[in-house]
Amino acid sequence: MRRLTFDLEHDQFRDTARRFIQTEINPHIERWQEAGIVDREAFLKAGAEGLLCTWAEEQYGGLGIADFRFEQIIMEENTRHGDLGFYLHLHSNLVAPYIAKLGSDEQKARFMPGIVSGETILAVAMTEPGAGSDLAGMKAKAVD
């Protein structure tokens, strides 16, 4: 059944994303899970396919696509076979927008091209004593 929220160009993009996941990611999942790390080359290949930060401005190497449905397609295809440990959506939709929206022009010029190409891999790394990575579990108090 065809979903009505997607157009032909979305379907074509989905085919590209699905083929990329099947050929470049799925064959390596077991090895990555055993090693506890995804090969850097996977991000470089995703960048070359236009699968990182599709919304990024063309001046930084992005596709300049404001339509979030393309990012949604990448997320769907990336998680279709369970947790692959290859968090494209974390890179592209959670961390990179902070730099793209809040960074200075100099910071964007310095970081965004590598983020879009996959040369720079973004992640979230937070930990606190007594809370670990559970940021909602953090407790603080003010002392005068």
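Student: Which segment does M126 lie in?

Tutor: This is a predicted model, where local features need pLDDT of at least 70, side-chain atom pairs count only at pLDDT 80 or more, and totals for chains, interfaces and linings use all residues. Residues are numbered from 1 along each chain as its sequence is written, and side-chain values use heavy atoms, with hydrogens and water left out. Helices are DSSP runs of H or I with at least four residues, strands are runs of E with at least two, and both are numbered from the N terminus. M126 lies in the segment after α6 (105-117).

Student: How many helices and strands does the protein chain have?

Tutor: From the N terminus on, the elements run α-α-α-α-α-α. The count is six helices and zero strands.

Student: Is M126 buried, partly exposed or exposed?

Tutor: Buried means under 20% relative accessible area, exposed means over 50%, and partly exposed is in between (1.4 Å probe, protein chains only). M126 has a relative accessible area of 44%, so M126 is partly exposed.

Student: And why does E128 count as it does?

Tutor: E128 also lies in the segment after α6. E128 counts as partly exposed because its relative accessibility is 37%.

Student: How far apart in space are E128 and R19?

Tutor: In sequence, E128 and R19 are 109 residues apart. In space, C-alpha to C-alpha, the value is 40 Å.

Student: What share of contacts between residues at least 6 apart in sequence joins residues at least 24 apart?

Tutor: A contact means heavy atoms within 4.5 Å. Take the protein chain's contacts between residues at least 6 apart in sequence. The share that joins residues at least 24 apart is 62%.
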